[in-house]
Amino acid sequence: MEISKAEFVKGVIGDDYGLGDNLPQVAFFGRSNVGKSSVINSLVDKKDLAKVSKTPGKTREANFFRINDSFYFVDFPGYGYAKRSMKERNKMIKRIFWYVKYSNVRPKAVFLIIDVKVGLTVLDRDMIKILGENKHQVVIIANKIDKLEKIAAEKQISSIQKEAPHVSVLPYSAKTKEGKDELLKKIMGFV
Ligand SMILES: Nc1nc2c(ncn2[C@@H]2O[C@H](COP(=O)(O)OP(=O)(O)OP(=O)(O)O)[C@@H](O)[C@H]2O)c(=O)[nH]1
Ligand SMILES: [Mg+2]
C-alpha cells in the first residue's frame with residue numbers, strides 16, 4: 001500500500017497524546033540525529049513534512065502526522081542528545097517512558113530508529129527493555145545503511161539482531177529509500 005495523503009496535525013508538549021478520533025498511532029523513537037524525521041519523510045515521499053535538523057535535538061514536541069486519513073505517525077523528540085543539559089535529557093526520557101507506560105493512547109507499534117553504524121546504545125537497550133515489559137510491538141529500523149558497504153552492513157545488522165533477538169531489525173536508508181517497501185508493509189500490518 002502507498003501513502004497518498006500525509007498532513008501535519010499538531011505538536012504535543014504535554015502528556016495528552018489523544019486526538020479524540022481513536023485513529024491508531026505508530027510511534028517513532030530514537031536518539032537525536034538518527035533520522036526519525038527523515039524516515040517519516042521518506043515514507044510519505046515529502047521532503048519536509050517532518051522537520052529535518054542540521055542541529056540535532058531540535059524536535060521538542062511529539063509531532064503528529066495523519067496518514068491516509070486513517071492513522072498517525074508520531075515523531076518523538078530524540079533522546080540522549082549529549083549537548084543538552086542532563087536535566088533536559090532526563091525530562092525527555094521521562095516523557096517517553098510515560099507515553100510507553102501510562103498514556104491513554106497505546107501505539108499499535110513502536111519503531112525504534114538507530115544509526116546502523118553506531119548500533120544500539122545504552123539508552124536504546126533501556127528503551128527496548130521498557131517497551132518489552134509494557135508489551136509493545138517493537139521494530140528496530142537500522143537507518144543510514146547507505147553509509148556502509150554491503151558486507152559491513154550485513155555484519156552490523158546481524159550483530160544488532162543478536163543483541164535484540166526478539167525484535168525484528170530492518171536495514172533502512174531514508175536517503176536512498178532502501179527498505180521502504182518492507183517498512184511500509186510492516187506499518188500497514190499494525191494499523
Ligand atoms: N546518509 C544518510 N543520512 C541520513 C539518513 N537519514 C537521516 N540522515 C541525516 O541525519 C541528520 C538527522 O536527521 P533527522 O531526520 O533530523 O534526525 P532526527 O532523528 O529526527 O533528529 P532529532 O529530531 O534532532 O532528534 C540529517 O542531516 C539527515 O539528512 C540516511 O538514511 N542516510
Ligand atoms: Mg526529528
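User: Which residues of the largest nonpolar core touch the most other members?

Analyst: In this predicted model, the largest nonpolar core has 34 residues, and Tyr17, Phe29, Phe76, Leu112 and Ile140 touch the most other members. Elements that each supply at least two residues of this core include strand S2 (25–30), helix H2 (86–101) and strand S6 (138–143).

User: What does isoleucine 140 touch, not counting residues up to four places away in sequence?

Analyst: Isoleucine 140 touches Leu112, Ile114, Leu120, Ile128, Ala164, Val167, Ser168, Val169 and Leu170. Contact here means heavy atoms within 4.5 Å.

User: Why is H1 called largely enclosed by the rest of the structure?

Analyst: Buried means under 20% relative accessible area. Eight of the nine residues of H1 are buried, so the helix is described as largely enclosed. The buried ones are Lys36, Ser37, Val39, Ile40, Asn41, Ser42, Leu43 and Val44. Aspartate 45 follows H1 and has a positive phi, near 60 degrees.

User: What makes H1 roughly perpendicular to H5?

Analyst: Helix H1 (residues 36–44) packs against helix H5 (residues 180–190) at an angle of about 90 degrees, and their axes are 10 Å apart. Angles of 65 to 115 degrees count as roughly perpendicular, so H1 is roughly perpendicular to H5.

User: Which residues make the contact of H1 with H5, and of what class are they?

Analyst: H1 contributes Val39, Ser42 and Leu43, while H5 contributes Lys180, Leu183, Leu184 and Ile187. By class, five are nonpolar, one is polar and one is charged.

How values were computed. Residues numbered from 1 in each chain as written. Chains lettered and ligands numbered in written order. Predicted model: local features only at pLDDT ≥ 70, side-chain atom pairs only at ≥ 80, totals over all residues. Heavy atoms only, no water. Axes fitted to C-alpha atoms, helices over the stretch in contact; angles between N-to-C directions. Helix = DSSP H or I, 4+ residues; strand = E, 2+ residues; numbered from the N terminus. Parallel < 35°, antiparallel > 145°, perpendicular 65-115°, else oblique. Nonpolar A, V, L, I, M, F, W, Y, C, P; charged D, E, K, R; others polar. Core = buried A, V, L, I, M, F, W, Y, C linked by side-chain atoms within 4.5 Å. Buried < 20%, exposed > 50% of the residue type's maximum accessible area, 1.4 Å probe, protein only.
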